[in-house]
Amino acid sequence: MPDAVAKPLTLVMTIKSAEDYQKLKALLEQLQSLPADKNPISVALTKIATVHFARFVFLSSDQLAVITTYDG
């Protein structure tokens, strides 16, 4: 079953400005502080049901990476 094999996905995005970095960082911290059933990212990933995990990592103040592993 080739669709059952976990596949990685890493997306690196450029953040336009220091102000955008601060806003994005605050938003992600706010979302992470929510219970899983109130966090829209967790709710969406649960609904999709093929994502093993997803994380957001600031590589610097001008780069954000989304790192995930999914099925199919």
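These exercises walk through the fold, the sheet and a handful of residues, each with a worked solution.

The model is predicted, so local features need pLDDT of at least 70 and side-chain atom pairs count only at pLDDT 80 or more, while totals for chains, interfaces and linings use all residues. Residues are numbered from 1 along each chain as its sequence is written, and side-chain values use heavy atoms, with hydrogens and water left out.

**Exercise 1. The whole chain**

Work out which pattern of helices and strands the protein chain follows, and set its radius of gyration beside that of a compact globule.

*Step 1.* Start with the secondary structure: the protein chain has 2 helices and 3 strands. Here helices (H or I, at least four residues) and strands (E, at least two) are DSSP runs, numbered from the N terminus.

*Step 2.* Read along the sequence, these elements give β-α-α-β-β.

*Step 3.* Turn to the dimensions. The radius of gyration of the protein chain is 14 Å, whereas a compact globule of 72 residues would have one near 11 Å. This radius is taken over C-alpha atoms, and the globule rule is 2.2 Å times the number of residues to the power 0.38. Along its principal axes, the C-alpha trace spans about 45 × 25 × 10 Å.

*Step 4.* Finish with the surface. Of the 72 residues, 14% count as buried; buried means under 20% relative accessible area, exposed over 50%, and partly exposed in between (1.4 Å probe, protein chains only). The protein chain exposes about 5300 Å², and carbon and sulfur atoms supply 60% of that area. These areas come from the Shrake-Rupley method with a 1.4 Å probe; for residues, only the protein chains shown count as cover.

**Exercise 2. The sheet and its helix**

Find the strand order of the sheet, then describe how α1 packs on the sheet.

*Step 1.* The 3 strands form an open sheet in the order β1-β3-β2, with antiparallel pairing. Two strands pair if DSSP finds at least two bridges between them.

*Step 2.* β1 (6–14) and β2 are the edge strands, each pairing on one side only.

*Step 3.* On average, neighbouring strands of this sheet are turned by 15 degrees against each other, direction ignored. Axes are lines fitted to C-alpha atoms, for helices over the stretch in contact, and angles run from 0 to 180 degrees between N-to-C directions.

*Step 4.* Helix α1 (residues 18–33) packs on the sheet and touches β2 and β3, its direction making about 145 degrees with that of β2. Contact means heavy atoms within 4.5 Å.

*Step 5.* Now look at the hairpin: β2 and β3 have 2 residues between them, and 8 bridges join β2 to β3 (residues 63–71). Among the bridge partners in β3, Gln-63 belongs to Ser-60 and Tyr-70 to Val-51.

**Exercise 3. Buried or exposed?**

Is Thr-69 buried or exposed, and which residues does Thr-69 touch?

*Step 1.* Thr-69 sits in strand β3.

*Step 2.* Thr-69 has a relative accessible area of 18%, so it counts as buried.

*Step 3.* Leaving out residues up to four places away in sequence, Thr-69 touches Ala-6, Lys-7, Pro-8, Thr-50, Val-51, His-52 and Phe-53.

**Exercise 4. Both ends of α2**

*Step 1.* Asn-39 lies in the loop between α1 and α2. With a relative accessible area of 8%, Asn-39 is buried, and beyond its neighbours within four places in sequence it is in contact with Leu-31, Gln-32 and Leu-34.

*Step 2.* At the start of α2, a side-chain oxygen of Asn-39 comes to within 2.8 Å of the backbone nitrogen of Ile-41. This is a polar contact: a pair of N or O atoms within 3.5 Å, where within protein one must be able to donate a hydrogen and the other to accept it, and residues adjacent in sequence count only if both atoms are side-chain atoms.

*Step 3.* Thr-46 lies in α2 and is exposed at 62% relative accessibility. Its side chain reaches the backbone oxygen of Ser-42 at 2.9 Å.

*Step 4.* Just after α2, Ala-49 takes a positive phi of about 70 degrees. Most residues other than glycine have a negative phi. Ala-49 is exposed, with a relative accessible area of 61%.
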